[in-house]
Amino acid sequence: MPEVLFDGASLRAIGTNLHRDRILVTFDRHRKNRPFFTNYTSVNTAQKFDMGHLSILTSQNDWFLNGETQALREVLRRFSVQKTTYAIGFSMGGYGALLFSPDLRLKHAFLLAPQYSVFPDKAPYEPRYLNESSVLNPEQDNLVAPKGNTLSGIITYDPRLQPIDHQHSKNIIQRFSGLKPVALPFGGHPPLQLFKDGKSYAKMMRAFLKGRLSPKKIRKMHSEARVSSECYWKHLNHYQDLRKKR
């Protein structure tokens, strides 16, 4: 049965095999039709690698910034003592991984198009989430690297169709120097839309958990996938049409 670490009205931390030394942490993503909290689903790949899995969920598209943020931080600090933690996050989930990285003592991260901030004062180039950010507290928006800046990992983004994501990545890397940027042109947001069958993403996840996911490996998989990907060519043609209209 899943174990609940934190159960609030706005945030929830729930997982399986949380007694294990290595923990994969996943984070809720932005959802257009959010059904309050989504149901918890265990990540089987983590179990196969003898890891526990912890899911951080939010009831709103609030980038985990609400009245329960500090309380969850304190729970995660106690939980992560003597743990080796890994994180995977898409978009808002990638932001969550960075936000809670010092509390989780995060060691390794695989982030897909995360935000540096959604507040205009910090990210004037970001117009997509102005409605959500207008009701959030900007004082909570503070990305700080874990002690010693020991976090390593990869940030992927689409520099062609999503130049905003590229700018977010640049700003993040200034604070988290152990993260390596990987540009995946015409991958979209998040930038793995070429891999429709899910098998390639699962392969990336396994490589990540083994410590073998490198920028070179991701670029190679992206290059192979785009040859037969309808999504890639659709995105490319759209980009070329936009350039012709300029």
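Residues are numbered from 1 along each chain as its sequence is written, and side-chain values use heavy atoms, with hydrogens and water left out. Because the model is predicted, local features need pLDDT of at least 70 and side-chain atom pairs count only at pLDDT 80 or more, while totals for chains, interfaces and linings use all residues.

**Cavity**

- Rolling a probe the size of a water molecule over the atoms shows where empty space is left.
- The search uses a 1 Å grid over the protein atoms alone: a cavity is a set of points where a 1.4 Å probe fits but cannot get out, a pocket is an open set with protein on both sides within 12 Å along at least five of seven lines, and lining residues have an atom within 4 Å of a point.
- Grid points are joined across faces, edges and corners, and a volume is the space filled by probe spheres set on the points.
- The whole structure holds 1 cavity of 30 Å³ or more.
- The largest cavity contains about 40 Å³ of space, and its lining is made of Tyr-116, Lys-122, Asp-141, Leu-143 and Arg-175.
- That lining has 2 nonpolar, no polar and 3 charged residues (nonpolar: Ala, Val, Leu, Ile, Met, Phe, Trp, Tyr, Cys and Pro; charged: Asp, Glu, Lys and Arg; polar: the others, Gly among them).

- The largest pocket has a volume of about 460 Å³.
- It is lined by 20 residues, and Thr-26, Phe-27, Arg-31, Val-43 and Phe-90 are the closest to its centre.
- At least two lining residues of the largest pocket come from each of β3 (22–27), β4, β5 (84–90) and α7 (199–210); helices (H or I, at least four residues) and strands (E, at least two) are DSSP runs, numbered from the N terminus.
- The lining of the largest pocket divides into 8 nonpolar, 9 polar and 3 charged residues.
- The second largest pocket has a volume of about 320 Å³, and among the residues that line it are Arg-29, His-30, Phe-90, Arg-128 and His-189.
- By class, the lining of the second largest pocket has 3 nonpolar, 4 polar and 3 charged residues.

**Strands β1 and β2**

- Strand β1 (residues 3–7) and strand β2 (residues 11–16) run antiparallel and are joined by 4 bridges; two strands pair if DSSP finds at least two bridges between them.
- Glu-3 has Gly-15 in β2 as its bridge partner.
- A hairpin of 3 residues connects β1 to β2.

**His-53**

- His-53 sits in strand β4 (residues 52–58).
- His-53 counts as buried because its relative accessibility is 0% (buried means under 20% relative accessible area, exposed over 50%, partly exposed in between, with a 1.4 Å probe and protein chains only).
- The side chain of His-53 makes a polar contact of 2.8 Å with that of Thr-26 and one of 2.9 Å with that of Tyr-40; a polar contact is a pair of N or O atoms within 3.5 Å, where within protein one must be able to donate a hydrogen and the other to accept it, and residues adjacent in sequence count only if both atoms are side-chain atoms.
- Leaving aside neighbours within four places in sequence, His-53 is in contact (heavy atoms within 4.5 Å) with residues including Ile-14, Gly-15, Leu-24 and Val-43.

**Ser-133**

- Ser-133 belongs to helix α5 (residues 130–133) and counts as buried because its relative accessibility is 4%.
- A polar atom of the Ser-133 side chain lies 3.2 Å from the backbone oxygen of Val-118, and one lies 3.3 Å from the backbone oxygen of Leu-130.
- Leaving aside neighbours within four places in sequence, Ser-133 is in contact with Val-118, Phe-119 and Pro-120.
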